[in-house]
Amino acid sequence: MRQHEITVERRLLDANGNIAEPGFARRALALYSRADIKAPAHRIKEWDYYLVNNGRFAVALTIADNGYMGLDSISFLDFESGYQQTVSPMCALPMGRRRLPESSARGDISVSGRGYSISFFHTPEGRLLTFRMEDFAGSGPIDGRIMLTDEPQESIVMCTPFKKRAHFYYNQKINCMRASGRVFARRREYIFEPDTAFAVLDWGRGVWPYKNTWYWGSASGKLDGVRFGWNIGYGFGDTSAATENCLFYAGRLHKLSRVTFNIPRRFGGEDYMSPWTFTSDDSRFEMDFVPVMDRASCTDVKLLKSDQHQVFGLFTGTAVLDDGMKLRVRDFPGFAERVDNRW
């Protein structure tokens, strides 16, 4: 498919609150402003999500203002022992009062509640993530301090409309940042080293339809000594102008066409812990995926529901760069997810 690349800075939304220029960019050229949105405050969704992973253990952190509901989340996953835990305190009707930044490149966020705090800071050294929760689901306290450095020159930025007027999704995924720091959890210390630990930022702002299902996959690491990773997905709006599928190699983005998630089924539903496959219509992303852990969660309060399966595992297959160079991947750590929302 032909894909439109955005190359000039401009406002994200037009006078009617629609995406002014649908497509993808290699950096955040579109200028986002809540004041330009033509939707009530309770329909606006904004979040910053960080995942730090070294293939042995991982931490995921979220600060979100979803209009009618605020969510702060800490996840810790130990793939070697099979332990996982997620705690996600919520608050009612933040409606923009959390003041999430209008750019991923600047602005700090700090939230706190009963017995916990999460902060994302920009510093001269890089992005600093700090968090603490006094009682992490009965396993004692969890706290951490992680620095993200060596942000790649290019990322994937999507300006995506939905079919419904004044609905849109503006998203930036920054892969392959190096991570260093420590997490204290389960009464022991876990250390992230920058040579083996990598992070992705999922920075999202938009107005979404009430019902939605998305698929997202991501990986960041090193391949033969070179930083390498990918972003794949669909279900985030009308991707006729561009997909979000891409490879990252040595700090540069290599654009892919459409990628399909082939999730096995059993007994009439998805069998998330059986092997998956991924195929692309341009034959540039062909992967087998062996699941290791399903970080499943379901929040269901009748009218509002989010059913999430973020499956971590190992990818084996081939990826082809823009110049035709074929990369062979074996047991490369990453994740793929399917999320159903009524929100």
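**Entry 1: Arg127.** I am working from a predicted model. Arg127 has 5% relative accessibility, so I list it as buried, the cut-off being under 20%. I then checked its side chain for a polar partner. A polar atom there lies 3.1 Å from the backbone oxygen of Ser104. Ser104 is also on the contact list of Arg127, leaving aside residues up to four places away in sequence. That list includes Tyr50, Phe121, His122, Met147 and Glu151.

**Entry 2: Salt bridges.** I searched the whole structure and got 22 salt bridges. I picked out a few pairs.

Arg98 pairs with Asp72, with the closest N and O atoms 2.9 Å apart. Arg98 sits in the loop between β8 and β9, and Asp72 in strand β6, so this pair ties together parts 26 residues apart in sequence. I noted both partners as buried: Arg98 has a relative accessible area of 17%, and Asp72 has 2%.

Arg338 and Asp340 meet at 2.6 Å, N to O. Here Arg338 is buried at 14%, whereas Asp340 is partly exposed at 25%.

Glu189 and Arg182 form a salt bridge at 2.8 Å, N to O. Glu189 is partly exposed at 45% relative accessibility. Arg182 is partly exposed too, at 27%.

**Entry 3: Network.** Which residues are linked with Arg182 and Glu189 in a network of salt bridges? I found Arg132, Glu134 and Asp143.

Key: Residues are numbered from 1 along each chain as its sequence is written. This is a predicted model: local features need pLDDT of at least 70, side-chain atom pairs count only at pLDDT 80 or more; totals for chains, interfaces and linings use all residues. Side-chain values use heavy atoms; hydrogens and water are left out. Buried means under 20% relative accessible area, exposed over 50%, partly exposed in between (1.4 Å probe, protein chains only). A polar contact is a pair of N or O atoms within 3.5 Å; within protein, one must be able to donate a hydrogen and the other to accept it, and residues adjacent in sequence count only if both atoms are side-chain atoms. Contact means heavy atoms within 4.5 Å. A salt bridge is a side-chain nitrogen of Lys or Arg within 4 Å of a carboxyl oxygen of Asp or Glu. Helices (H or I, at least four residues) and strands (E, at least two) are DSSP runs, numbered from the N terminus.
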